[in-house]
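Colleague: I am new to reading protein models. Could you walk me through this one, step by step?

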Amino acid sequence: MSKKLTGKVALITGGSRGIGAATARALADDGADVIISFATSGAKADGVVAELKGKGVRAAAIHADQAKPEEVERLVDEVVERFGRIDILVNNAGVFVTGAVDSPRTTWPPSRISTP
C-alpha cells in the first residue's frame, strides 16, 4: 500500500512531546520525512526522532526557540539545507505572552516594542 505523504518533508515546531510528537508520528506513518524543533526537551526530541526513523522515514531534531525570530530563520534554513525543502509546516510550538489584550506591550515579538 502506498503512503500518501511519501517524498514530502514536514517540519513540526514543538515536536518533542505532546501534540507535536503525536503529529510527527502520524505524518511519518503516512510516509513523510519529519523534522521536529524543540527548545528544552533535547532528550525527548532524540527519542521521537528514533521512533520516526523506526518507521522508515528520514527524521531529525533541531534546537530552536520559536520566541526568537533569528532562531526560527536558522531552523528553516537548516531544514532546507538538510532536506531540500519544506512541504508541510505544523506550527505547534507555543509562545506565552501575558498582559492586557489592548496593550502595546503584549505585541509580539516583545523585543521590537518601543516603550515610553
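Colleague: How many salt bridges does the structure hold?

Modeller: This is a predicted model, where local features need pLDDT of at least 70 and side-chain atom pairs count only at pLDDT 80 or more, while totals for chains, interfaces and linings use all residues. Residues are numbered from 1 along each chain as its sequence is written, and side-chain values use heavy atoms, with hydrogens and water left out. A salt bridge is a side-chain nitrogen of Lys or Arg within 4 Å of a carboxyl oxygen of Asp or Glu. By that rule, the number of salt bridges is 7.

Colleague: Which residue forms a salt bridge with aspartate 29?

Modeller: Aspartate 29 sits in helix α1, and its partner is 26 residues apart from it, in the loop between α2 and β3. Helices (H or I, at least four residues) and strands (E, at least two) are DSSP runs, numbered from the N terminus. The closest N and O atoms are 2.7 Å apart, and the partner is lysine 55.

Colleague: Is aspartate 33 buried or exposed?

Modeller: Aspartate 33 forms a salt bridge with arginine 58, the closest N and O atoms being 3.1 Å apart. Aspartate 33 lies in strand β2 and arginine 58 in the loop between α2 and β3, so this pair ties together parts 25 residues apart in sequence. Buried means under 20% relative accessible area, exposed over 50%, and partly exposed in between (1.4 Å probe, protein chains only). Aspartate 33 has 11% relative accessibility, so it counts as buried.

Colleague: Which elements do the buried residues of α3 pack against?

Modeller: In α3, the buried residues are Glu71, Leu75, Val79 and Phe83. They cover an arc of only 75° around the axis, so they are on the same side of α3; the arc is that of the directions from the helix axis to the C-beta atoms. The face turned away from this buried side carries the exposed residues Glu70, Glu73 and Glu81. Counting contact as heavy atoms within 4.5 Å, the buried residues pack against β1, β2 and β3.

Colleague: Which residue's side chain makes a polar contact with that of glutamine 66?

Modeller: Glutamine 66 lies in the loop between β3 and α3, and at 17% relative accessibility it counts as buried. A polar contact is a pair of N or O atoms within 3.5 Å; within protein, one must be able to donate a hydrogen and the other to accept it, and residues adjacent in sequence count only if both atoms are side-chain atoms. The contact here is 3.5 Å, and the partner is serine 37.
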